[in-house]
Amino acid sequence: MTKPQLRIIAGDFEDPRIIALLAHHFATMRSTGPEESCHVMPLDAMRQADLDFFAAWDGDALAGFGAVKQLGDGHGEIKSMHTAAAYRGRGVGQAVLDHLSTHARALGLQRLSLETGAGDFFVPARAMYARNGFQTCDPFGGYKPDPNSVFMTRTL
């Protein structure tokens, strides 16, 4: 499979393609474990001023998305990273993560953290994060210890 030619730009929450992929992401994340362990953000919560959302486009096709949420004190959180099924294994997740990391640095953030699932479904995501210097850590922000969650962090 060839790597797509991606254009990563601020995402438009009014675009029906983004709304559809966000809905798919939300449903997929909700299906991976108990509701109290699922920390996926619904669309309305993503419209917060402290969250910057980006969409990865391959021409007119939405290949994926991700967001950075500012937590304060130079700390940010990777939120809602998702790659469309047709683009899995083609470098989209890495490109979005690179973009989010660069954006976080431009915001003056010194640390990025994330919460992801502990189950088998999340093995590829955890491996990508580890390849990018993220290490497991204790819960941060408002998270609590949860056997269904893995918390990871890295300095920028």
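The model is predicted: local features need pLDDT of at least 70, side-chain atom pairs count only at pLDDT 80 or more, and totals for chains, interfaces and linings use all residues. Residues are numbered from 1 along each chain as its sequence is written, and side-chain values use heavy atoms, with hydrogens and water left out.

The protein chain has four helices and seven strands. Helices (H or I, at least four residues) and strands (E, at least two) are DSSP runs, numbered from the N terminus. Along the sequence they follow the pattern β-α-α-β-β-β-α-β-α-β-β. The radius of gyration, taken over C-alpha atoms, is compared with a globule rule of 2.2 Å times the number of residues to the power 0.38. For the protein chain the radius is 15 Å, close to the 15 Å that the rule gives for 156 residues, so the chain is as compact as a globular protein of that length. Its C-alpha atoms fill a box of roughly 40 × 35 × 30 Å along the principal axes.

Buried means under 20% relative accessible area, exposed over 50%, and partly exposed in between (1.4 Å probe, protein chains only). Of the 156 residues, 46% count as buried. Contact means heavy atoms within 4.5 Å. Among contacts between residues at least 6 apart in sequence, 62% join residues at least 24 apart.

In soluble globular proteins, nonpolar side chains tend to be buried together. A nonpolar core is a set of buried Ala, Val, Leu, Ile, Met, Phe, Trp, Tyr and Cys residues joined through side-chain atoms within 4.5 Å. The largest such core holds 33 residues, of which Phe-53, Ile-78, Met-81, Tyr-129 and Phe-134 touch the most other members. Helices H1 (16-30), H3 (92-106) and H4 (123-131) each supply at least two residues of this core, as do strands S2 (51-58), S3 (61-72), S4 (75-83), S5 (111-117) and S7 (149-155). Strand S2 gives the most, with six residues.

Rings of Phe, Tyr and Trp (its six-membered ring) pair if their centres lie within 6.5 Å; planes under 30 degrees apart count as stacked, over 60 as edge-to-face and the rest as tilted. Seven aromatic pairs are found in the whole structure. Tyr-129 and Phe-134 form an edge-to-face pair, 5.7 Å centre to centre with 65° between the planes. Both partners are buried, Tyr-129 at 7% relative accessibility and Phe-134 at 3%. Phe-140 lies in the loop between strand S6 (135-136) and S7, and Phe-151 in strand S7, so the pair ties together parts that are 11 residues apart in sequence. Phe-140 is buried at 8% relative accessibility, and Phe-151 at 5%. Ring pairs also link Phe-13, Phe-53 and Phe-65 into a cluster. Beyond residues up to four places away in sequence, Tyr-129 touches Ile-78, Met-81, Leu-97, Leu-114, Phe-134 and Met-152.

Strand S4 contains Glu-77. This residue is buried, with a relative accessible area of 4%. Leaving aside neighbours within four places in sequence, its contacts include Val-68, Leu-71, Leu-112, Glu-115, Phe-140 and Tyr-143.

Most residues other than glycine have a negative phi. Ser-80, also in strand S4, has a positive phi near 50°. Ser-80 is buried, with a relative accessible area of 10%. Asp-73 likewise has a positive phi, of about 55°. Asp-73 sits in the loop between S3 and S4 and counts as exposed, at 84% relative accessibility.

The chain ends with a segment after S7, where Leu-156 is found. Leu-156 is partly exposed, with a relative accessible area of 29%. Leu-156 and Ser-101 are 55 residues apart in sequence, yet 7.6 Å apart in space, C-alpha to C-alpha. Leaving aside neighbours within four places in sequence, Leu-156 is in contact with residues including Ser-101, Ala-104, Arg-105 and Leu-109.
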